[in-house]
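Hi everyone, thanks for coming. I'd like to walk you through a structure, so please have a look at it with me.

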Amino acid sequence: MLTRVDYMREQRWFYLWLGVAAAAHVALLAALLFLQFLDLRQHPPLQVVQVSLISIPGSQGVESEPKARSTPASTAPEKKVTDLTPVALKKAVEPLALKQATSTPEAQTKKIQPATKTPVKLPEPTLKSDTALNERKNLQASLDNLRKKVADRTPEVISEPSNLGTTLANLQKKVASAVTGTAFSGNQPGIGGAKTFDPYKAEIAGIIQSNWAFSSWMIRNSFGMEVYVSIFVLSDGTVTQIRYERQSTSEYLNNSVRVALDKSVPFPPFPREYGSNGLWIHFIFTPEGIGH
Amino acid sequence: MSEQAGERIVSMIAGSGPVVIMVLSVLIVFSIMSWAIIAWKFGQVRRSMKESQVFLDSFFDHQKPERLFTTSENYRNGSLPRVFRAGYIEFGSMRERVGDLHKKERIMLAVKRAVNAESKRLTHMVPFLATVGNTAPFIGLFGTVWGIMSSFQNIGLMKSASLAAVAPGISEALVATATGLVAAIPAVMGYNYLTHQIGQIERDLEDFVPDFIDSYLNQ
């Protein structure tokens, strides 16, 4: 039979072991945390200095896609031809123009020339800029110029084919063939070559594209599937800032973009022509590909 | 960086619902108690077997109850010395009563009572290990099922069935099952070991009780 003293002694032993077990569990949890810490030290995350999430595209940032969206409203009074083309057509014009630009260097230089001559043509579009200012007073002057250039270039692009119908058919074929959106497919040369073809940006887009693991089969509907990203690149190619101007409704797309950017940095140093101050590059990630 | 490491686990657990957190808490308490019982009983059984073995050596050497009783006082944790002491105390009280015909039965009854008490002492709280071993995986599974239910509800709200939307919720929920297994596996192993050892001690007690009684009566 257990005496009271024996019983008390047994209980004391039990409580002692209970304390030891609790301490061991705490130590185990701490060890787990420490192991994760070690794991992170061995495989440090790629350096992304600052990420700010902004739901509305920034004023200085996104150039191509938001502009394309605003084009129907702003260019409507400027060009009759653009009135006839739906938004899809405007988007699709870009790859065609690029193809032309990349396939024939002469054509490219031809397209570049008007862009460089634009300051000369400024007096003509000033009237149009007045209308633009009436519509949106806070629109930046640079955006106006670009829009005017787009408006100037559009007839050339569209006048090349025999008629509007065949152009539309060609473009729809292009869109239907699900342009994989190589980095430079939806580019500046698109809507009339507002900017010249930029090999450095194209190279960066190519790097990101190669690191971008994304399957469009995972996305059910394409509504809102656009991620606007602005990246500030220094002259040596390091990225100091990544800004997500707008994120898509799909976490999968957002994460894939984040991972692709993490894998892609640092970029190769950019050419001397860009100066040494750094450069903002804007990308649009869609299930079809990357545009900048 | 350590904050990031901490955040991984902490955010994973904090991201779970209250039911999953409650399940995790219960399982952690189960695990702590299981380990405490295993350690406590392991020491108790080990001491008991060791002291019983030493006492048995003395028993076969001396064969004199008085000296054996004195020796048994040194082994307070051994099961055999305890039973021997109980029988000897009963024998001592019977010696004063001359002409008692049921001496052997009385001593045997006292020894049997001591054996039962010893068995009860050794098996105290051991069934809790069996309970943990049997129920902890199910409790963990319950937490996982609940977590997955919540996760699917969130997926429905997000209107996205992508892997990125599904995987984190399921991963969080599976923590409960993992914790259940972590609590159950040592408990089952400890239970099997302890029941085997306690069974051995009980068999030893049954084997040597007649020898003890004979040694008293041959006095």
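First, the ground rules. This is a predicted model, where local features need pLDDT of at least 70, side-chain atom pairs count only at pLDDT 80 or more, and totals for chains, interfaces and linings use all residues. Residues are numbered from 1 along each chain as its sequence is written, chains are lettered from A and ligands numbered from 1 in the order in which they are written, and side-chain values use heavy atoms, with hydrogens and water left out.

Chain A has ten helices and five strands; these are DSSP runs, helices being H or I with at least four residues and strands E with at least two, numbered from the N terminus. Of its 292 residues, 40% are buried, meaning under 20% relative accessible area with a 1.4 Å probe, protein chains only.

Now to chain B. Just after H5(B), Met125(B) has a positive phi of about 75°.

Last stop: Ser52(B), in helix H2 of chain B, residues 18–62. Ser52(B) counts as buried because its relative accessibility is 7%. Beyond its neighbours within four places in sequence, Ser52(B) contacts Gly78(B), Ser79(B), Leu80(B) and Pro81(B), a contact being heavy atoms within 4.5 Å.

Notes. Buried < 20%, exposed > 50% of the residue type's maximum accessible area, 1.4 Å probe, protein only.
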